[in-house]
Amino acid sequence: MKKLITVLVAGSAMAMGTTAANAATASATATAEILEQVQIVNTAGLNFGTIVPDTAAAANVSVSADAAGTRNCGGLTCAGAASVSSAAFDVTGANGLNVDITLGTLTSLSDGGTNSMPISLSGSAGTLAMTGSAVALYVGGTITVAANQAAGTYTGSFDVTADYQ
């Protein structure tokens, strides 16, 4: 029995030695690149100006999602053209990368009481290519002005999210 144990221990030692003789080792490098965070700054609000509702029919008033912020009054009487604008944002990020744009949810403008108007938003782009300086993003929209819409100032807020692809 003693001889058998000695043979097994010797065999195990030889097997371990054989495995170690065939071992190979390689090294790898670990790296990480840290990008500047995406920045987004609001520079102008979405303003539909002054609108006079129709006494008999609802109509849509829209502001384009571009630098001009052109208003279409949908047959209603509109005033205050100087105050009309699309919402404007400056987006900055790492040069050469793309940033996805997501518009938050805003479904109506409210006068702070019981009166509201439906709104839908549209952006000038769903993706922006970063250039190393601020890239402009515009948000326009369409409101539905009801027949005999109650007088007042209607407001609402929305978020715009910018994130690397």
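**Reading a core, a buried arginine and a loop**

The largest nonpolar core of this predicted model has 30 residues, and those with the most contacts inside it are Val91, Val99, Ile143 and Phe158.

Visitor: Which strands supply at least two residues each to this core?

Guide: In soluble globular proteins, nonpolar side chains tend to be buried together. Here strands S3 (59-63), S6 (87-92), S7 (98-103), S9 (116-123), S11 (135-145) and S12 (160-164) each supply at least two residues of the core. S11 gives the most, with 5 residues.

Visitor: What does Val91 touch, not counting residues up to four places away in sequence?

Guide: Val91 touches Val38, Gln39, Ile40, Val99, Leu128, Met130, Ser133, Ala134, Val135, Leu137 and Ala162.

Visitor: How far is Arg71 from the nearest side chain of opposite charge?

Guide: A salt bridge requires a side-chain nitrogen of Lys or Arg within 4 Å of a carboxyl oxygen of Asp or Glu. Arg71, in strand S4 (residues 71-72), is buried and has no salt bridge; the nearest side chain of opposite charge, Asp66, is 12 Å away.

Visitor: Where is Ala57 found?

Guide: Ala57 is in the loop between strand S2 (50-52) and S3. Its relative accessible area is 37%, so Ala57 counts as partly exposed. Ala57 and Ala147 are 90 residues apart in sequence, yet their C-alpha atoms are 4.6 Å apart in space. Ala57 is also in contact with Val145 and Ala146.

Key: Residues numbered from 1 in each chain as written. Predicted model: local features only at pLDDT ≥ 70, side-chain atom pairs only at ≥ 80, totals over all residues. Heavy atoms only, no water. Helix = DSSP H or I, 4+ residues; strand = E, 2+ residues; numbered from the N terminus. Buried < 20%, exposed > 50% of the residue type's maximum accessible area, 1.4 Å probe, protein only. Lys, Arg positive; Asp, Glu negative; His and termini not counted. Core = buried A, V, L, I, M, F, W, Y, C linked by side-chain atoms within 4.5 Å. Contact = heavy atoms within 4.5 Å.
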